[in-house]
Amino acid sequence: MLEILLAGGWAMVPILISSAIALAIVLERCWTLRRKSVLPPGLGDEVRQWVRSGQLDPQHLENLANGSPLGELLASALVVRRQSRELIKERIEDTGRHVVHRMERYLNTLGTIALIGPLLGLFGTVIGLIRMFMEVMAGGIGDPARMAGGIGEALICTAAGLTVAIPAYVLHRYFRSRVAGYRIEMEKQATALLDELTLATAAATAPVRPRRAPATPSVG
């Protein structure tokens with residue numbers, strides 16, 4: 001394998017660097033985008049229970065915000081829970097954009113590697129063909145080994161570029177779809193919490209009707 005890579009020439013260097021970066025991104029995203037770390041099971045129900053029981057002290061909110069992306073989104077709504085529904089919804093949307101942006105971290109780089117992988121392979125192919133023609137111009141076509149070396153360099157670079165680009169593209173699409181699915185789930189949990197906060201606010205501000213005093217019997 002090492003001999004094959006060396007036969008690809010110096011054009012293999014950027015391809016190998018791209019493959020190392022892509023592998024690091026894939027491993028990091030696989031760990032970061034685990035479902036239980038993004039959407040802890042039962043967290044939405046637990047937070048809504050906090051609202052019902054009034055367990056919304058600062059320590060709870062801090063632990064919630066630092067625990068997971070979903071927790072950060074829900075905590076942003078609880079911080080402004082005494083405001084109007086429109087303001088709470090706006091805060092959720094602002095925080096959601098930041099949370100999704102962090103979940104998509106490095107995915108643009110992975111997509112770029114998927115895009116430039118074939119181009120790097122093509123670049124190596126062109127370099128190999130140029131080398132082959134230069135060898136032919138210098139020594140004629142009497143030595144097939146010189147031509148074979150240039151053709152081999154071209155084919156190795158092309159294959160290496162595609163080998164890096166195809167998995168990078170597939171994994172890029174996979175992570176994008178996973179983030180999109182997480183975003184939908186977080187929107188559902190945020191909407192459920194928003195409804196719970198609206199009901200709690202309505203119950204707290206509802207006027208209390210005075211109890212009617214019992215009628216006293218008249219003395220005839």
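Here is a short tour of the structure, one selection at a time.

Before you click, know that this is a predicted model, in which local features need pLDDT of at least 70, side-chain atom pairs count only at pLDDT 80 or more, and totals for chains, interfaces and linings use all residues. Residues are numbered from 1 along each chain as its sequence is written, and side-chain values use heavy atoms, with hydrogens and water left out.

**Whole protein.** Start with a cartoon view: you'll find nine helices and zero strands. Helices here are DSSP runs of H or I with at least four residues, strands are E runs of at least two, and both are numbered from the N terminus. Of the 220 residues, 33% are buried (under 20% relative accessible area; exposed is over 50%, partly exposed in between, with a 1.4 Å probe and protein chains only).

**Stop 1: Ser 68.** Select the loop between helix 5 (58–67) and helix 6 (69–79), and there sits Ser 68. Ser 68 counts as buried because its relative accessibility is 8%. Leaving aside neighbours within four places in sequence, its contacts are Ser 37, Val 38, Pro 40 and Leu 43 (contact means heavy atoms within 4.5 Å).

**Stop 2: salt bridges.** The count is seven salt bridges, each a side-chain nitrogen of Lys or Arg within 4 Å of a carboxyl oxygen of Asp or Glu. Arg 48 is buried, at 12% relative accessible area.

Next, pick Asp 195 and Arg 85, a salt bridge with its closest N and O atoms 3.1 Å apart. This pair links distant parts of the chain, helix 9 (residues 144–205) for Asp 195 and helix 7 (residues 85–103) for Arg 85, 110 residues apart.

Then show Arg 176 and Glu 104, which meet in a salt bridge at 3.3 Å, N to O. Arg 176 lies in helix 9 and Glu 104 in the loop between helix 7 and helix 8, so the pair ties together parts that are 72 residues apart in sequence.

**Stop 3: cysteines.** Select Cys 30, partly exposed at 36% relative accessible area, and then Cys 157, buried at 0%. The disulfide count is zero (a disulfide is a pair of cysteine sulfur atoms within 2.5 Å).

**Last stop: helix 8.** Here you'll find Met 134, in residues 107–139. Met 134 belongs to a nonpolar surface patch with Leu 119, Leu 122, Val 126, Ile 130 and Met 137, together about 630 Å² of accessible area. Patches are made of residues with over 30% relative accessible area and no salt bridge, with like charges joined within 9 Å and nonpolar side chains (Val, Leu, Ile, Met, Phe, Trp, Tyr) within 5 Å. Accessible areas come from the Shrake-Rupley method with a 1.4 Å probe; for residues, only the protein chains shown count as cover.
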